[in-house]
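The points are numbered and may be read alongside the coordinates.

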Amino acid sequence: MGLDSYVARQIAAPSGRLAPLVARLLNAGNRPLNLAAIEALDLRPGMRVLDVGFGGGGSLRELSERVGSGGAVAGLDVSPAMVDRGRTIFRRLIAAGGLALELGSVESMPWPDASFDGAISVNTIFYWPDAAAGLREMWRVLRPGGVFALAMRSSQAVARARPERFGFKNYRTDELARLLEAAGWTGIASRDLRGGLSGNAVVMRATKAQDSSPLVDRESSSCA
Ligand SMILES: C[S@@+](CC[C@H](N)C(=O)[O-])C[C@H]1O[C@@H](n2cnc3c(N)ncnc32)[C@H](O)[C@@H]1O
């Protein structure tokens, strides 16, 4: 495996002895984008919020402060190293009931329908095995009226790294908007962020409509 392939795989799912270092680098490099995604949620005290692919966990304390002791934060990550590290670093918050960190992949999450008021996922969608399934699953775990902020480096910035070499995907904003809409999301809007440590980026905001019926009902009625 070449060095660039090794680095790409570490960023996609940190593992092994380098994982703590990669986690710190991700936290530093992705902080502006995480803050922009969090801003897009309009969080209030008492809310329940999810971060999918939390990595080094740079977002988790910020989320926790915004929802306060009456709220709850959850994180999901496919990397056992990130989940173990997060459970160690945030053990007090977890013990107090304010945070739960789970191991798993976005297309099959361990929470019931409508568990969260809001969710973010930052610089992760390139690595999802099935983006359409992941966006449907995000929709399922948010309550009607809930907001999802999907943030990532711009497709032009990602293209320069030629992610297809490593089996990763790159999405333009219009492609993501279509995928979000197909997964049931409404009110889809995007905001470009210029510059910053990780280069140009995009924050997409989508809402689960208040009158949403469960996905399974929509699928069966559209087949009728
Ligand atoms: C580039 S890091 C970004 C971490 C963090 N969101 C940030 O902004 O710093 C990508 C993270 O997404 C996680 N990830 C990759 N594929 C995933 C999937 N299918 N489901 C959940 N998490 C995933 C990785 O393990 C890694 O921690």
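**Comments on the predicted model**

1. The ligand shell. In this predicted model, the ligand is surrounded by 26 residues, the closest being Asn 30, Gly 53, Gly 55, Ser 79 and Val 122. Sorted by class, the shell comprises 14 nonpolar, 11 polar and 1 charged residues. At least two shell residues are supplied by each of α1 (3–12), α2 (19–39) and β2 (72–77). The largest share comes from α2, with 4 residues.

2. Geometry of α2. Where does α2 bend? The bend, of about 60°, is at Asn 30, and Pro 32 follows within four residues. Asn 30 is also listed with the closest residues to the ligand. Helix α2 has 21 residues and spans 28 Å from its first C-alpha to its last, close to the 30 Å expected at 1.5 Å a residue.

3. The buried residues of α2. In this helix, Ala 19, Val 22, Ala 23, Leu 26, Asn 30, Leu 33, Asn 34, Ala 37 and Ile 38 are buried.

4. The nonpolar core. The largest nonpolar core contains 58 residues. Those that touch the most other members are Ala 37, Val 49, Ala 119, Met 138, Phe 148, Ala 149 and Ala 151. Leaving aside residues up to four places away in sequence, Ala 37 is in contact with Ile 120, Val 122, Ala 149, Ala 151 and Val 203. Of these contacts, Val 122 is also named among the closest residues to the ligand.

5. Val 73 in strand β2. Val 73 is placed in strand β2. It counts as buried because 28 C-beta neighbours lie inside 10 Å, the threshold being 20 or more. Its contacts, not counting residues up to four places away in sequence, are Val 49, Leu 60, Leu 63, Ser 64, Val 67, Gly 98 and Leu 99. For one of these, Leu 63, the separation along the chain is 10 residues and the C-alpha to C-alpha separation is 6.8 Å.

6. Is Val 78 buried or partly exposed? Val 78 counts as partly exposed because it has 18 C-beta neighbours inside 10 Å, whereas a buried residue needs 20 or more. This residue sits in the loop between β2 and α4 (80–89). Beyond residues up to four places away in sequence, Val 78 touches Ala 13, Gly 104 and Ser 105. Val 78 and Leu 41 are 37 residues apart in sequence, with their C-alpha atoms 23 Å apart in space.

7. Leu 142 in strand β5. Leu 142 belongs to strand β5 (residues 142–153). With 27 C-beta neighbours inside 10 Å, Leu 142 is classed as buried. Not counting residues up to four places away in sequence, its contacts are Ala 114, Phe 116, Ala 119, Phe 148 and Lys 208. Of these, Ala 119 and Phe 148 are also among the core residues that touch the most other members. Leu 142 and Leu 99 are 43 residues apart in sequence and 17 Å apart from C-alpha to C-alpha.

8. Most residues other than glycine have a negative phi. Asn 123 is buried because 23 other C-beta atoms lie within 10 Å. Asp 42 likewise has a positive phi, of about 55°, although it is not a glycine. Asp 42 is located in the loop between α2 and β1 (48–52). With 13 C-beta neighbours inside 10 Å, Asp 42 counts as partly exposed.

9. Ala 159 in α7. Ala 159 lies in helix α7 (residues 155–159). Ala 159 is partly exposed because 13 other C-beta atoms are found within 10 Å, and a residue is exposed at 12 or fewer. Ala 159 and Leu 193 are 34 residues apart along the chain, and their C-alpha atoms are separated by 17 Å.

Notes:
Residues are numbered from 1 along each chain as its sequence is written. This is a predicted model: local features need pLDDT of at least 70, side-chain atom pairs count only at pLDDT 80 or more; totals for chains, interfaces and linings use all residues. A residue is near a molecule or strand if its C-beta atom, placed from the backbone, lies within 6 Å of it. Ala, Val, Leu, Ile, Met, Phe, Trp, Tyr, Cys and Pro count as nonpolar, Asp, Glu, Lys and Arg as charged, and the others, Gly among them, as polar. Two residues are in contact if their C-beta atoms, placed from the backbone, lie within 7 Å. The expected span of a helix is 1.5 Å times one less than its number of residues. The bend at a residue is the angle between axes fitted to the seven residues ending there and the seven starting there. A nonpolar core is a set of buried Ala, Val, Leu, Ile, Met, Phe, Trp, Tyr and Cys residues joined through C-beta atoms within 7 Å.
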